[in-house]
Amino acid sequence: MALVFWLLAVLLVLVLIARFVFGLGVLLNDVTTDPTLEFVKPPKRFRYSQSQAALQKAWWPDLKTLEIKLPSSVTFEDFFSMLEHLVSGLPHWTLIAPGDRPTRRIQAMAVTPLMKFRDDVVIRVSGPTPTAEGVHVFAIDARSKSRIGRSDLHANGKRLVWFFERVKEAAQNMSSTSR
């Protein structure tokens with residue numbers, strides 16, 4: 001009986017250490033590059049709160065609007081279509097509101113591989129903005145929010161970082177074929 005007590009005590013200590021060292025207990029379930037970004041089809045709780053913003057700043061300080069430079073021959077329609085195609089082909093992602101061109105947003109649902117939690121993702125494109133170098137700059141904002149729970153074990157922030165890497169790769173391919 002004493003052995004079981006000590007094993008449980010050690011397990012509890014290890015869980016507490018993991019929580020504070022790795023941030024596993026952070027109550028953050030909504031990560032965005034723009035706090036004003038709203039979903040096309042809002043989930044139940046869709047307002048981005050100031051408490052979420054403070055936690056996000058602490059855990060994801062480098063997560064910002066992604067700017068992509070492309071040749072001036074690339075139009076908004078070209079870029080937006082590329083994003084739609086990219087999102088529709090991502091593993092564990094399903095398009096919910098494809099290509100809402102008036103608001104320049106795409107909405108998807110991402111499913112976590114292990115526990116099958118469903119999270120909402122919205123992407124907004126701004127631009128193209130012409131530059132003095134003769135290229136167009138497209139700005140991409142994104143938001144990922146868990147549908148349930150108050151903590152996501154950093155899944156939403158990791159998802160946005162991962163998504164932005166996929167966008168950079170696709171834009172690189174688009175840039176090399178547009179020249």
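The model is predicted, so local features need pLDDT of at least 70 and side-chain atom pairs count only at pLDDT 80 or more, while totals for chains, interfaces and linings use all residues. Residues are numbered from 1 along each chain as its sequence is written, and side-chain values use heavy atoms, with hydrogens and water left out.

**Salt bridges**

- A search of the whole structure finds 12 salt bridges, each being a side-chain nitrogen of Lys or Arg within 4 Å of a carboxyl oxygen of Asp or Glu.
- One of them joins the side chains of E133 and K69 at 3.9 Å, N to O. E133 lies in the loop between strand 5 and strand 6 (135-146) and K69 in strand 2 (residues 66-71), so this pair ties together parts that are 64 residues apart in sequence; helices (H or I, at least four residues) and strands (E, at least two) are DSSP runs, numbered from the N terminus.
- Both E133 and K69 are exposed, where exposed means over 50% relative accessible area, buried means under 20%, and partly exposed is in between (1.4 Å probe, protein chains only).
- D120 and R147 form a salt bridge whose closest N and O atoms are 3.0 Å apart. This pair links distant parts of the chain, with D120 in strand 5 and R147 in the loop between strand 6 and helix 4, 27 residues apart.
- D120 counts as buried at 3% relative accessibility, whereas R147 is partly exposed, with a relative accessible area of 36%.
- In the salt bridge between D141 and R124, the closest N and O atoms are 3.2 Å apart. D141 is in strand 6 and R124 in strand 5, 17 residues apart, and both D141 and R124 are buried.
- D30, E38 and R143 are linked in a network of salt bridges.

**Aromatic contacts**

- The whole structure holds 5 aromatic pairs, which are rings of Phe, Tyr and Trp (its six-membered ring) with centres within 6.5 Å; planes under 30 degrees apart count as stacked, over 60 as edge-to-face and the rest as tilted.
- The rings of W93 and W162 have centres 6.3 Å apart and planes at 45 degrees, so this pair is tilted. W93 lies in strand 3 (residues 93-100) and W162 in helix 4 (residues 155-177), so the pair ties together parts that are 69 residues apart in sequence.
- W93 is buried, with a relative accessible area of 8%, while W162 is partly exposed at 30%.
- Ring pairs link W93, W162, F163 and F164 into a cluster.
- The charged end of R104 sits over the ring of F76, 3.9 Å from its centre; this requires NZ of Lys or CZ of Arg within 6 Å of the ring centre and within 35 degrees of the ring normal.

**Helix 4**

- The 23 residues of helix 4 should span 33 Å at 1.5 Å a residue, which agrees with the 33 Å between its end C-alpha atoms.
- The buried residues of helix 4 include L160, F163, F164, V167 and M174.

**Surface patch**

- L114, M115, F117 and I148 form a nonpolar patch on the surface, with about 460 Å² of accessible area together. Patches are made of residues with over 30% relative accessible area and no salt bridge, like charges being joined within 9 Å and nonpolar side chains (Val, Leu, Ile, Met, Phe, Trp, Tyr) within 5 Å.
- M115 lies in the loop between strand 4 (105-111) and strand 5 (118-130), and M115 is exposed, with a relative accessible area of 53%.

Methods:
Accessible areas come from the Shrake-Rupley method with a 1.4 Å probe; for residues, only the protein chains shown count as cover. The expected span of a helix is 1.5 Å times one less than its number of residues.
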